[in-house]
Amino acid sequence: MKPTLQVSFQPMAVALALCLLSSSGCSRARAQRRAALADRTRAAAALGSYLAAHFQGSSAVVLSNPFAAEKNTPRNIRDFEQAALAGLRKGLGTKVTIAEIVHPRLKTFSGSPYKLIRSPTTTPLSYLMDDAALDDVIRTHPDCRLVISLIGIPAGIRTSSFWKHPGTTSLALLLPDLSFLGDESSIRYAFKSGRVTAAVLPDKHRDKLREGPRDFLVVDQSNIADFLHDNAPHGNRSP
């Protein structure tokens, strides 16, 4: 039996609830939702453009939200996933081929998936992905140099074969919670070793200095140390 998700993981759910209170609240919620979708599209396009420049001619497999494929999933989740895919395709263009969009295997659970989420995170699917899901994807796509994740890093990534015995495949991440990689030293190691080739992340330091659309950075081994200095993660997590 496929798990179903009854409540959106997206923070916009709170804003959308304003529609129940007033028409002006509904207008604000729609504007915030449009802005959030636009931000996600821009962030994914930035990641795609980076990969197109550095991995021209390569193939990639994309990790997508399994719940976005469920009929009863709230539209908000489906729209955010489509925004990310649209931005990624725009950025990749014809230089990197998407071999397949994969919904990774989830852990077995009954009832609410929230019981598996042990602490707040911007990527709750990290807790729901099966610990072996990433290894399975890499094994079934041996010709893909890239695994592009739109849903974060599996919480058990440090127990995976990918982490312990790296090959030629690298991760590219859209708006991940880097603390799943461990402490700052482990995060730097993930980038320097090539396990993670790039990640698009919000530039919290610059966002404090200006208003308007969010700023995003493409982080790779050349600037990961500077990024961590300006945007410290929330600390390490256990796999």
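Predicted model: local features only at pLDDT ≥ 70, side-chain atom pairs only at ≥ 80, totals over all residues.
Together, tyrosine 127 and phenylalanine 180 form an edge-to-face aromatic pair, with 5.2 Å from centre to centre and 80° between the planes. Tyrosine 127 belongs to helix α4 (residues 125-128), whereas phenylalanine 180 lies in the loop between β4 and α7, so the pair ties together parts that are 53 residues apart in sequence.

The count of aromatic pairs comes to two. In the pair of tryptophan 163 and tyrosine 189, the ring centres are 6.1 Å apart and the planes stand at 75°; an angle over 60 degrees counts as edge-to-face, so this pair is edge-to-face. Here too distant parts of the chain are linked: tryptophan 163 is in helix α6 and tyrosine 189 in helix α7, 26 residues apart. Tryptophan 163 counts as buried because its relative accessibility is 11%, and the cut-off for buried is under 20%. Tyrosine 189, at 42% relative accessibility, counts as partly exposed.

Just after α7, glycine 194 takes a positive phi of about 85°.

The strands come next. The chain contains nine helices and six strands. An open sheet of six strands runs in the order β2-β1-β3-β4-β5-β6, and its pairing is mixed. At the edges are β2 (97-102) and β6 (216-219), each of which pairs on one side only. On average, neighbouring strands of this sheet are turned by 20° against each other, direction ignored. Helix α3 (residues 75-92) packs on the sheet and touches β1 (59-63), β2, β3 (146-149) and β4; the direction of α3 makes about 165° with that of β2. Within the sheet, β4 (residues 170-174) and β5 (residues 196-202) pair in the parallel sense over four bridges. Leucine 171 has valine 196 in β5 as its bridge partner.

Finally, the chain may be viewed as a whole. Of its 239 residues, 48% are buried. Among contacts with a separation of 6 or more, 74% come from residues 24 or more positions apart.

Definitions and conventions: Residues numbered from 1 in each chain as written. Heavy atoms only, no water. Helix = DSSP H or I, 4+ residues; strand = E, 2+ residues; numbered from the N terminus. Buried < 20%, exposed > 50% of the residue type's maximum accessible area, 1.4 Å probe, protein only. Contact = heavy atoms within 4.5 Å. Pairing = 2+ DSSP bridges. Axes fitted to C-alpha atoms, helices over the stretch in contact; angles between N-to-C directions. Phe/Tyr/Trp six-rings, centres within 6.5 Å; stacked < 30°, edge-to-face > 60°.
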